[in-house]
Each structure stands twice: as structure tokens, then as C-alpha cells.
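Student: I have the file open and want to go through it piece by piece. Can we start with how things are defined?

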Amino acid sequence: MDLDALAGCLASSACLVTQTTSGLIIGMLLFLVAVGLTLIFGVLKVVNFSHGAFYMFGAYFAMTAYQLTGSFALAMLAGAAGTAILGLIFERVFMSRVYGADVLMQLLVCYAFVLIFDDVVRIIWGPEFKSMGMPSAFQVMPLFIAGGVVPPYYLLLIGVALLAAVVLGIGLSRSRIGKVIRAAAHNPGMVSALGINTGLIYGGVFALGGMLAGLAGALAAPVRSLTPGMGFSVLIESFIVTVIGGMGSILGALIGALLLGLIRSFGSLGFPLFTEGLMYLFMVIVLVSKPTGLFGREAA
Amino acid sequence: MTELEAGRAETLAPVRSGAVLRRYRDVLIALIALAVLASLPLFTGSKALLDFVIRCSAYGLFATSLNLLVGYTGLTSFGHGMFFGLGAYSFGLIMQKLGVPIPVAFVATLAITAIVSAIIGAICVRLKEIYFAFVTLAFQMLIHSTILSWASFTGGDQGLRGGIPRPPFLGIDLANHVHLYVASCALLILGLLAMRQIAQSPFGYTLRMIRDNAARASFLGIDVWRAKLTVFVLAALFASMGGMVMALFVSGAYPEFAYWTISGEGIFINMLGGVSTFLGPMVGTVLLLLLNDTVTRFTEYHGIVLGVVILFFALGLRKGLLDFAAEWFAQRRDAGEGR
């Protein structure tokens, strides 16, 4: 434990700004992954255990596209679109077969794909650590806010994630498609009887969830190293986020992800070895005091 | 005695003698299995085979105890591996730091496991389904993080090194490979027999009722919370036994023993073998270990092979191997009787 370091940081504005931004980018990346997870769970009632693989593929797709074209925008697009297509195929061909089955069966199918996808990445891109490198457009002087260092790329990352949160939130509550999706989550039989293709909705939601995770991976590619299996720690953390925030709640995912990001960045100062433990402890406390999560509704 | 009670006594009597018969049959099967396993070293000198059986004992105890929760009570624990790790670490630490005889350390570890699992269980079993799964997972990771961060006591990410002392007791020398093998088999068989007794006891049938309809069990006056907590602690004890066998085998304890993947493998083993038969998890254990060993020998991409096999079970058979076989036999028998 190193509480002096934590207290020292809280007293200095420079350190406060630096740690908060690093907490925010961890949180925002987690949010993008977790919101896909929570969306898929809310509509399809499936816990997508292979969600981390989409994050991984997003990062690798972005890296390859960036190396081929040299365009950062195209890299982001490749990460998001590639994983969306992957998600659609995965849902239509495999996941749709186990909807009625036991939860354990669904987990097992996902577990199988975690193993398969990791090896596919190992075959295509090799087992060693890869790095995409910071795009030249962002290789500029970092900003100094109240003495703290903030790289401009961090601001872009936070901005894109916030934009995604707002678009999702408004899209789901206001647009026609959003209403249909919420209706399908509530009562798929009735929606289907009204002449709407629920299979398409399910595939679309899964693709959307995969796309958000892929976008997170693409955004993370310049700042993190790429390795097969990189999706796993992200998956576990985004599970914690959805559980803390409440399964199926977008606002919950946002708040949960930000809380977890801040716990990680400040916890690494005060409890360098027990940072992970802090997250799990927080999850236990939330679950014990409010089993449905901070923003979860009571299960029907 | 009223007529009603007299009638009931008559119908109960044959059932009870049937249960006693079945118990004798189970004991007999266990004794034969133990005799066969224990005589194996007489026929083969293969160290690899004996090692394989020891690993099967450790994982088998763990997986079967998980089935008490998953298959019998309907409690899907994602964190059962924490007790496997706890058993391995407690046993290793007691042997290293205190130097007591092995049976004392064994009992002490079970006592520690009982206390820890009672505390964790009291919190967890209030929750249902997916939330139960996640809290158990969180506790598992909490224990894993504690092991990693408390490096001065547990050795951190290096694990418990320097070997676990294995002083002989009662003429049993666990440093001797054959002795260790026979002891592991005996623990496995005893553990399986005990779990079988639990599963077939009235308490075991109470658990099935809770799985099928907890509300009705509650109406009938059963304290559901207490029954769930009891089976949670019992299952933890057997998982801890598995962990101790593993610690004795590798002469150490590693953080991976407490990592969530152990719990994942346990669930996977259960699905592979089948959860509706008592020996399903045991079959699953042998299958998974065989699969792991052979696949890693032939290809470095064993994830793909393992994944495809899992898909075959999940999408093709849609149930574990022993469940599938049991249903197939039942169908054949029905077809035979129909003719």
C-alpha cells in the first residue's frame, strides 16, 4: 500500500488532471465494449462471453488497414465495419442456434470461439506483441491543462466514445428502429407477430455490439500493444462494468465504466499491487447492496 | 397407529431397503474401482499414466463437487475454482510454515475452507442465477488478486516455491510416487463416494427440489438459504481436497490454481461429461485431460481444435457425453420393450 502517493497526487492539480484523463480513457474504452455487451444481453438475453474477441479483431483490423492505407480514418472504419460483419455472421450462423438452450450451452459456444478466435489471430498476425503506432496527425505537442499532460489523441478518444454514447442513447429512445429494438427486448413474440423480422433485429443488435467493441479496439490500437488474447482482460472488466451498472442499462454502463476507470487509475497509485482486487471488491460491494446493479431494473 | 400411518409404513419399507441396497452397490463399485486403480502400478511402470490418473483425481474431485452446485442445486458458480486454489495454498503454506504431519494439515485446510466458504457462501447464495455467477466470479478474482499482491506470504506471481515437505506418516510416504498415486486414488474414490451419498440422501433430493422449484420448496418449510449454503460449503470442501491433491502432485501452489480459468474448465468439464449423471463430470475430466494432452502434442494451435470439439458438443450433441449415452440407452430400451 502506498497511501502517501495517493494523498500526494490528490493534493497536486497536475497529477490530478493526468490521472483523471488516464482514468477517463480506460473508462471510455471499457464503456464502448461494455455497452455492446449490455445491449446484446438486454435484447438477446445472451451473455456474450466472446465479446473480447471483437475488441481484439477491431484492433488488428485497424492496424492492418493503417499499414495498408496510412489513413487513420480508414483504420477506424475498418475496425468498426469488419467487426460488425463478423458479429452478424457469428450471430446468424452460431449464436442463433442456442437461444432457447441452457445458459451454460451459450457460454460454451462463446468459450469455444474465444479459443478459436485467439488462435486465428495467432495464425494470421503471429503470436508476438504488435504495435500500430501513433498516427502522424496526433504526433503533436501534448496539451497542458492545469499543469497536467494530456495528449490530444486522448481527447479524440474520449470525444468519439461520448459521441457513441449520445447517439446510442438518443437512437434507442427516439428513433423508430430504437423503439423496435426495445420492443423486441421486451416481447419478441409480439414484435414478430406484428410482422417485424426479429431475426434481423437480433443479428443487427449483435452486429452493433460487435461494432462498438471493434471501434474500442481500433481506438485503443495506437495506445496499447496488440496481442492474441488481449480481449480477455477487457472482457472481464467490461463484465464488471455491466454488473456494476446494471445489465441492460446504457447509462449504467457509462457510469460503471467511468467509475472503474477512475478506480484503476487512482488505485494504481494507492494500491499498486491490489488495483485489480479493488475493482472486484467494488463489484462485490455493489452486488451485495444492490444485486441488480446501480441502474438495473428489478428482473421481471 | 392409524390406518393411514400403517399404510405409509408399508410403502416406505421397500423404498428404504432399496436405498440401502443401492448404497451397498455404490460402496461395492467404489471398492472395485479403488482395487483396480491401486493395482495399476503392478502392471505398468509408466510414470506418465500414473501422473495422468493423479491429475484426473485432482480435477475429478473438483469437477464433481462443482456438479453438486450446478447439476443438483442449479447454482451456476463461476468461482468454484477459488476453493481449489484455497485448498492448494492453505495446505502448502501449513506444510511449509508449520511443519505439521500431513493429516493434520489436511484437516486444518478443510477447516479453513469451511470457514471461508461459509462466509463467502452466506453472501453469494442470496443472489440468483447470473448474479450468483458473477459474485462468485468476483470473489474468485478477489482471492486471486490477494494471492498475487500478498507476495511476502504467498510468493506472489511466482507461486509457492521451494517444494512442499512431505514427511511420511503411518507408513505412507507421499514423496514416493507410487504411494502418492495410491493416496490420490483413495482420496478420489472416498470423495466420490461421499458426494454420491450426499446426492442420494434426502438432503440431495431437497437440493433437486430447490433446483426445480425453489418457491415450492420454501412453501414446504425448507430453509432454502440454509440448504444452499450447506451444499456450497460441502462442495467447497471437496474442491479444496482436489486442490490439496494437486498441491501434493506438483509440490507447490501457483496463482493459476485460483484463477477464474480453473472455474471455467470446471464448468466445461461438467458440460463435456454431462450434469444429469453423477459420474458425468468424472468422464468429462478424463476427456478434457486426454484432449489437452494429445492436442498439445500434435499442434501448437490447440485452441482451434479444442474449440471445434466444444462446438461439436454444444451444437451437435447439445448435452454432455454421459448424458447423451444414458439417453441413447434409455431410448433403445424403450424401443425394445415396445416391440
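Tutor: Axes here are lines fitted to C-alpha atoms, for helices over the stretch in contact, and angles run from 0 to 180 degrees between N-to-C directions. Helices (H or I, at least four residues) and strands (E, at least two) are DSSP runs, numbered from the N terminus. This is a predicted model, in which local features need pLDDT of at least 70 and side-chain atom pairs count only at pLDDT 80 or more, while totals for chains, interfaces and linings use all residues. Residues are numbered from 1 along each chain as its sequence is written, and chains are lettered from A and ligands numbered from 1 in the order in which they are written.

Student: OK. How do the axes of H3 and H4 of chain A cross?

Tutor: Helix H3 (residues 51-69) and helix H4 (residues 72-93) of chain A have axes that come within 7 Å and cross at roughly 140 degrees. H3(A) and H4(A) are therefore oblique to each other; angles under 35 degrees count as roughly parallel, over 145 as roughly antiparallel, 65 to 115 as roughly perpendicular and the rest as oblique.

Student: Which residues make that contact?

Tutor: On H3(A), they include A:Phe54, A:Phe57, A:Phe61 and A:Tyr66. On H4(A), A:Phe72, A:Met76, A:Gly79 and A:Leu86 are among them. Two residues are in contact if their C-beta atoms, placed from the backbone, lie within 7 Å.

Student: Zooming out, how many helices and strands does chain A have?

Tutor: Chain A has twelve helices and two strands, in the order α-α-α-α-α-β-β-α-α-α-α-α-α-α along the sequence. Its radius of gyration is 19 Å, close to the 19 Å that the globule rule gives for 300 residues, so chain A is as compact as a globular protein of that length. The radius is taken over C-alpha atoms, and the rule is 2.2 Å times the number of residues to the power 0.38.

Student: What about chain B, how many helices and strands there?

Tutor: Chain B comes to 14 helices and zero strands. Its radius of gyration is 21 Å, close to the 20 Å that the globule rule gives for 339 residues, so chain B is as compact as a globular protein of that length. The C-alpha atoms of chain B fill a box of roughly 70 × 45 × 45 Å along the principal axes.

Student: How many residues does each chain give to the contact between A and B?

Tutor: Chain A gives 31 residues and chain B gives 29. H5(A) gives the most to the chain A side, with 14 residues. By class, that side has 25 nonpolar, one polar and five charged residues.

Student: Different topic. Is B:Leu170 buried or exposed?

Tutor: B:Leu170 is exposed, with 8 other C-beta atoms within 10 Å. A residue is buried if 20 or more other C-beta atoms lie within 10 Å of its own, exposed if 12 or fewer, and partly exposed in between, with C-beta atoms placed from the backbone.

Student: Where does B:Leu170 lie?

Tutor: B:Leu170 is in the loop between helix H6 (151-154) and helix H7 (177-200) of chain B. B:Leu170 and B:Trp150 are 20 residues apart in sequence and 35 Å apart in space, C-alpha to C-alpha.

Student: Last one: what share of each chain is buried?

Tutor: Buried residues make up 51% of the 300 residues in chain A and 43% of the 339 residues in chain B.

Terms used
Ala, Val, Leu, Ile, Met, Phe, Trp, Tyr, Cys and Pro count as nonpolar, Asp, Glu, Lys and Arg as charged, and the others, Gly among them, as polar.
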